[in-house]
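Grab a pencil and have the viewer ready.

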Amino acid sequence: MTATTARNRMLGHVITAEQFDRDLLDVLFRRATALDGVRDDRLAHRIMATLFYEPSTRTRLSFESAMLRLGGAVIGTEAARTFSSAIKGETLEDTVRMVSTYADLIVLRHDEAGAAARAASVASVPVVNAGDGPGEHPTQALLDLYTIERELGRVEGVRVAFCGDLRFGRTARSLALLLALYPGVRMTFVAPPVIQVGGDILARLEARGVECRLAEQLTDVLDDVDVVYQTRVQKERFTDPLEYEQARTAIRIDGAIMRQLPATAIVMHPLPRVDEIAPEVDADPRAAYFRQAANGVAIRMALLEMLLA
Ligand code: CP
């Protein structure tokens with residue numbers, strides 16, 4: 001598939017990982033590799049709006065960096081619940097209708113699952129889901145998959161252990177859906193019951209023939225993994241503080257875990273981390289999470305080019 005065909009096949013909005021197929025991913029990854037380090041003006045005169053109702057470091061700034069590296073301009077509001085007219089009671093739909101007239105593309109982060117789809121239903125420009133509550137985070141999944149391919153040299157047949165907050169974790173959910181496109185991928189979901197992955201995702205994966213396992217201890221599966229995908233337990237999504245405390249320290253990656261991890265395996269994390277990966281792990285070459293986050297710029301450059309060029 002050529003980049004032009006891929007561009008024509010994009011749906012206009014990026015809402016869920018389920019929009020992508022293997023051909024589209026291959027084109028996107030080739031473009032990301034080609035654009036890595038590029039600074040030019042191919043998106044000159046194009047404007048991207050970032051509307052962030054939830055905090056972010058990586059997603060917002062890497063989107064903004066990607067747009068600026070391609071010569072485009074950026075407008076936006078962080079803390080949009082406070083610093084946009086949402087504070088006066090304006091609905092998301094009305095805000096998006098207005099911002100559609102100011103920008104050529106909207107990157108939206110929101111605290112409610114389904115918010116990106118609602119925004120897309122009223123937007124007159126492409127909407128990119130930059131995380132919708134416990135729903136999905138499709139562009140994070142793109143950079144995660146790209147990282148696996150770059151780090152391991154393959155995706156087919158990889159064994160991935162998803163760890164941590166799999167109940168509210170939108171990044172694991174979106175990545176699992178993308179990995180399901182690749183034959184032979186095996187997924188293990190490692191978490192205590194209170195934050196274990198939902199039956200809805202398991203049903204979708206198993207319907208696609210993916211081999212899924214559940215476990216409570218990372219040490220039980222460490223000898224059978226290529227990727228450990230650790231995630232933060234998301235305090236902000238718990239209504240019961242006791243439940244959060246039970247979940248918080250369940251799975252931690254430290255030097256002892258790294259000594260058991262195969263030499264060829266990698267540790268990923270969408271970041272931010274709190275204490276679920278000990279700082280002593282950072283110097284280990286198998287700790288891929290900062291390289292993973294850095295890949296976000298090239299992936300988002302490729303996506304913006306596909307949506308706007
Ligand atoms: N991975 C991720 O979404 O990070 P931010 O919350 O910093 O954007």
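**Exercise 1.** Is the crossing of α5 and α6 left-handed or right-handed?

*Solution.* Keep in mind that this is a predicted model. Start by finding the two helices: α5 covers residues 92-99, and α6 covers residues 115-122. Now look at how one passes the other: the crossing is right-handed.

**Exercise 2.** Work out what to call the angle between α5 and α6.

*Solution.* First, get the geometry: the helices pack at about 50°, and their axes are 9 Å apart. Next, check the cut-offs: under 35 degrees would be roughly parallel, while roughly perpendicular runs from 65 to 115. That makes α5 oblique to α6.

**Exercise 3.** Find out which residues of α5 and α6 meet, and sort them by class.

*Solution.* From α5, pick out Leu-92, Glu-93, Val-96 and Arg-97. Across from them, α6 brings in Ala-115, Arg-118, Ala-119 and Val-122. Now sort by class: the contact has 5 nonpolar and 3 charged residues, with no polar ones.

**Exercise 4.** What percentage of the chain's residues count as buried?

*Solution.* Take "buried" as under 20% relative accessible area. By that cut-off, 56% of the 309 residues are buried. As for contacts between residues at least 6 apart in sequence, 72% join residues at least 24 apart.

Conventions. Residues numbered from 1 in each chain as written. Predicted model: local features only at pLDDT ≥ 70, side-chain atom pairs only at ≥ 80, totals over all residues. Heavy atoms only, no water. Axes fitted to C-alpha atoms, helices over the stretch in contact; angles between N-to-C directions. Helix = DSSP H or I, 4+ residues; strand = E, 2+ residues; numbered from the N terminus. Parallel < 35°, antiparallel > 145°, perpendicular 65-115°, else oblique. Left-handed = near helix turned anticlockwise from the far one by under 90°. Contact = heavy atoms within 4.5 Å. Nonpolar A, V, L, I, M, F, W, Y, C, P; charged D, E, K, R; others polar. Buried < 20%, exposed > 50% of the residue type's maximum accessible area, 1.4 Å probe, protein only.
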